[in-house]
Amino acid sequence: MNKKADPDRPSGTSQAPAAQPSPEQRALAWTHTARFLTTAAQLHHLPPPDLPEIAFVGRSNAGKSTAINTLAQQRQLAYASKTPGRTQHINLFSVGLQQATDQLWADLPGYGFAMVAKDAKQRWQKVMADYLEHRHALAGIVMMVDSRHGFTDLDRQLLDFVMPRVARGEVGLLVLLTKADKLNRKEATEALAAAQELLAGLATEVSDIGVCLFSALKRQGVGDAALQLHEWSQRHAATAVHWTAPPEGADDGLGDDAEDADGASGAQP
Ligand SMILES: Nc1nc2c(ncn2[C@@H]2O[C@H](COP(=O)(O)OP(=O)(O)OP(=O)(O)O)[C@@H](O)[C@H]2O)c(=O)[nH]1
Ligand SMILES: [Mg+2]
């Protein structure tokens, strides 16, 4: 059957134009570029804080590595250890084009595993705490919370710990309620509402706090998380341009804690 010409369509445009990628598709194409950069056992092993970093934090087994792999659409980018709590390192991933990395992801050791020797636990928890408190490059925190359990005491302690920087608007916070596929619709709605309520109590006028249900299995929340990460990288890019040529004598914008966090002279953490 012959198609009739559409009188409203100008001639020569009978084919639909190629669809533009949506912002979510663009964000996912960007997160797909994630690749391993380096491992650091101590803060001073980290690369210079030139790029905005996003810390992935959460209780051990909450689904951090899986979330990183799901966002990157790669099976084994982040190593999911069979022995929980073994990792005492910060694993860094680069995101962006090869010659134009515009964000780093930091997979931090999970917390809350009682089985781990106390001294090892304290050692890595100090590395994690120092990183979250002092790393100047930190632009955002993605916190994984098992949707079936909600915020545990340890999660609340971590929230309290990072809130000063989040409340000042210096660091964004995105909470992913993981393993949402294990909840029915009602439970998922309740888990989201409970998390929203808790986080609303922490929000300030300048804070940037978000929360969403997340499932690696059903790919739920993946697009939203990618959009947030992408937005954080773009916001930093705009800020970085602003910072390239501050007026003479102007404040460097780093605030009082721009000094060395660990008391060592030289490079900032
Ligand atoms: N059903 C389901 N299982 C998940 C999901 N995300 C993670 N898991 C499972 O949860 C377990 C822990 O996931 P990981 O990603 O290794 O957790 P982690 O937070 O990195 O754990 P540590 O490395 O010990 O800190 C694994 O068996 C995953 O397959 C999800 O969205 N749905
Ligand atoms: Mg892991």
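Predicted model: local features only at pLDDT ≥ 70, side-chain atom pairs only at ≥ 80, totals over all residues.
Tutor: Residues are numbered from 1 along each chain as its sequence is written, and chains are lettered from A and ligands numbered from 1 in the order in which they are written.

Student: In what order do the strands of the open sheet stand?

Tutor: Strands (E, at least two residues) and helices (H or I, at least four) are DSSP runs, numbered from the N terminus. Two strands pair if DSSP finds at least two bridges between them. Here 7 strands form an open sheet, ordered β1-β3-β4-β2-β5-β6-β7, with mixed pairing. β1 (35-40) and β7 each have a single partner strand, so one side of each has no neighbour in the sheet.

Student: How many bridges join β6 to β7?

Tutor: There are 5, and the two strands run parallel. Leu174 stands opposite Gly210 in β7.

Student: What should helix α4 span?

Tutor: The expected span is 1.5 Å times one less than the number of residues. The 15 residues of α4 (residues 153-167) should therefore span 21 Å, and the end C-alpha atoms are 20 Å apart, which agrees.

Student: Where does α4 have a kink?

Tutor: A bend is the angle between axes fitted to the seven residues ending at a residue and the seven starting there. In α4 a kink of about 40° lies at Phe161, shortly before Pro164.

Student: Which residues of α4 are buried?

Tutor: A residue is buried if 20 or more other C-beta atoms, placed from the backbone, lie within 10 Å of its own. In α4 these are Asp155, Leu158, Leu159, Arg165 and Val166.

Key:
Buried ≥ 20, exposed ≤ 12 C-beta atoms within 10 Å, placed from the backbone.
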